[in-house]
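Please look over the sequence and the 3D model shown below. The paragraphs after it go through some of the salt bridges and then turn to a helix.

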Amino acid sequence: MAHRPRTEMIAETRTKLIAAGRRAFGTVGYADASMDDFTAEAGLTRGALYHHFGGKKGLLEAVVAELDREMSERTLALASKASDPWEAFLIECTCYLDLALDPEIQRIVHRDGPAVLGDPSLWASQDGCIASMTKSLRGLKEEGYVRDDVDPEAAARLISGASLHAAQWIANSDDAQKTSAEAVKAYKALLEGLLEERHGKIAGGRAAASH
C-alpha cells in the first residue's frame with residue numbers, strides 16, 4: 001500500500017478534530033465538552049488535539065473560524081441574487097443577524113466564542129471583514145449609492161460593531177425571534193442613512209411596499 005502524503009494525513013486529522021469539537025461545542029457547550037470524549041469520537045488522542053490546536057481553546061477558535069467561513073458563503077450566495085449592488089450589500093449585512101437565530105451559531109459563535117476567546121471585535125477574522133466591507137462601500141460610493149461625505153472605512157467599522165452587538169443581543173435574548181425582528185428593523189434604518197438622496201427615496205419606497 002502506498003504511503004499517504006503527510007500533508008494529507010495532517011489535514012484529515014485536523015478535519016476530524018474540528019468536526020468532533022463542533023458537535024460537542026454545539027450540543028453541550030464549551031464548558032461541558034470533554035476533550036477525551038471528542039478526541040475518542042474522532043479516533044484520536046488528546047495528544048493529537050494539543051499538537052494541532054494547542055488545546056481545547058485552540059480547537060474552539062478553529063471551529064469558530066469554520067463557522068465564520070460557512071456564514072460568509074451563505075451570505076454571499078444570498079447576496080448574489082440581489083437586483084442591484086445596494087440590495088446585495090444590505091442582504092450581506094442583515095444575513096449576519098439572521099444567522100444569529102441558528103442554534104449552533106448562537107451557542108458557539110455568539111455565546112461561548114466571546115466568553116472564551118474574548119471581544120469578537122478583536123478576533124483576527126474582523127480585519128478581513130472590515131477590509132471587505134470597506135471595499136464594498138467604496139464601490140457603492142463610486143456608483144453613486146453612498147453619500148459623498150461618508151468615509152467607507154469609518155462606515156465599515158461602525159457597521160461591523162453594530163453587527164457584532166446586534167448578533168450577540170439576538171443570540172442571548174429570551175425571545176430571539178422578537179429581538180431579531182427589532183434589531184434588523186433598526187439596523188436597516190441605520191444602513192439606509194448612508195444612501196445618497198435619490199437612492200434613499202427608492203429604498204424607502206421598497207420598505208413601504210413591503211408592509
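Lys16 is partly exposed, with a relative accessible area of 37%; partly exposed covers the range between buried, under 20% relative accessible area, and exposed, over 50%, using a 1.4 Å probe and protein chains only. This is a predicted model, in which local features need pLDDT of at least 70 and side-chain atom pairs count only at pLDDT 80 or more, while totals for chains, interfaces and linings use all residues. Residues are numbered from 1 along each chain as its sequence is written, and side-chain values use heavy atoms, with hydrogens and water left out.

Lys16 has a partner, Glu12, and their side chains form a salt bridge with an N to O distance of 3.2 Å. A salt bridge here is a side-chain nitrogen of Lys or Arg within 4 Å of a carboxyl oxygen of Asp or Glu. Glu12 is partly exposed as well, at a relative accessible area of 30%. Both residues belong to helix 1, where they sit four residues apart, about one turn of the helix. Helices are DSSP runs of H or I with at least four residues, numbered from the N terminus.

How many salt bridges does the structure hold? The count is eight. Another of them joins Glu66 and Arg22, whose closest N and O atoms are 2.8 Å apart. This pair links distant parts of the chain, since Glu66 is in helix 4 and Arg22 in helix 1, 44 residues apart. Arg22 is buried, with a relative accessible area of 14%, whereas Glu66 is partly exposed at 21%. Arg22 and Glu66 also belong to a network of salt bridges together with Glu70 and Glu104.

A further salt bridge connects the side chains of Asp149 and Arg147, at 2.8 Å from N to O. Asp149 counts as exposed, with 57% relative accessibility, and Arg147 is partly exposed, with a relative accessible area of 34%.

Now return to helix 1. It runs over residues 6–27, and at 1.5 Å a residue its 22 residues should span 32 Å. The expected span is 1.5 Å times one less than the number of residues. The end C-alpha atoms of helix 1 are 32 Å apart, which agrees.

The buried residues of helix 1 include Leu17, Ile18, Arg22 and Phe25. Which helices do the buried residues of helix 1 pack against? They pack against helix 2 (35–41), helix 3 (46–53), helix 4 (56–79) and helix 6 (103–117), where contact means heavy atoms within 4.5 Å. Just after helix 1, Gly29 takes a positive phi of about 90°.

Technical notes:
Helices (H or I, at least four residues) and strands (E, at least two) are DSSP runs, numbered from the N terminus.
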